[in-house]
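Trainee: Please take a close look at one residue in this model. I would like its helix, its neighbours and the wider setting in one connected account.

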Amino acid sequence: MIHMKRNTTPLCERLAWTLPKAAEAYGVSYEGLLEAANDGRLITTRPKSRRGARSWRHVTRREMAHYMETYEICEGSRS
């Protein structure tokens, strides 16, 4: 069994998130973020994992701020 360390940095202090964690951090719908990423309205990256494979989609703090401002989305409570 492989034990991976969990990220102990609080969500609100991270510089990038996976889409589900970004949705949680900004209090928005995961499905909405996924749709925006699929449509190209939200720019995501897929960094390489430790094994060299592409990992989960990530979105940066800067891109989330741009997305929220551009589409005038009111933030929920940030964690």
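Which helix is Leu 34 found in?

Mentor: Leu 34 is found in helix H2. Some ground rules come before the detail. The model is predicted, so local features need pLDDT of at least 70 and side-chain atom pairs count only at pLDDT 80 or more, while totals for chains, interfaces and linings use all residues. Numbering starts from 1 along each chain as its sequence is written, and side-chain values use heavy atoms, with hydrogens and water left out.

Start with Leu 34 itself. Its relative accessibility is 28%, so it counts as partly exposed. That class lies between buried, under 20% relative accessible area, and exposed, over 50% (1.4 Å probe, protein chains only). Setting aside residues up to four places away in sequence, Leu 34 touches Leu 19 and Arg 57. Contact here means heavy atoms within 4.5 Å. Take Arg 57: 23 residues separate it from Leu 34 in sequence, and the C-alpha atoms are 9.6 Å apart in space.

H1 covers residues 19–26, H2 covers residues 30–39, and their axes come within 9 Å and cross at roughly 125°. The axes are lines fitted to C-alpha atoms, over the stretch in contact for helices, with angles from 0 to 180 degrees between N-to-C directions. H1 and H2 are therefore oblique to each other. The cut-offs: under 35 degrees is roughly parallel, over 145 roughly antiparallel, 65 to 115 roughly perpendicular, and the rest oblique. The crossing of H1 and H2 is right-handed, with the near helix turned clockwise from the far one by less than a right angle.

Which residues meet there? From H1 come Leu 19, Pro 20, Ala 22 and Ala 23; from H2 come Tyr 30, Leu 33, Leu 34 and Ala 37. By class, this contact has 8 nonpolar, no polar and no charged residues. Nonpolar covers Ala, Val, Leu, Ile, Met, Phe, Trp, Tyr, Cys and Pro; Asp, Glu, Lys and Arg are charged; the others, Gly among them, are polar.

Met 64 is found in H3. Its relative accessibility is 0%, so it counts as buried. Beyond residues up to four places away in sequence, Met 64 touches Trp 17, Ala 22, Tyr 26, Leu 33, Leu 42 and Val 59. Ala 22 and Leu 33 also belong to the H1–H2 contact. Met 64 and Tyr 26 are 38 residues apart in sequence, yet 8.6 Å apart in space, C-alpha to C-alpha.

Thr 70 is partly exposed, with a relative accessible area of 41%. Arg 41 sits 29 residues away in sequence and 9.6 Å away in space, C-alpha to C-alpha.

Between H2 and strand S2 (58–60) runs a loop that holds Ser 55. Ser 55 is buried at 16% relative accessible area. It touches Arg 46, Pro 47 and Ser 49, again not counting residues up to four places away.

Now zoom out. The protein chain has 3 helices and 2 strands, in the order β-α-α-β-α from the N terminus on. Helices (H or I, at least four residues) and strands (E, at least two) are DSSP runs, numbered from the N terminus. Buried residues make up 23% of the 79 residues. Of the contacts with a separation of 6 or more, 46% join residues 24 or more positions apart.
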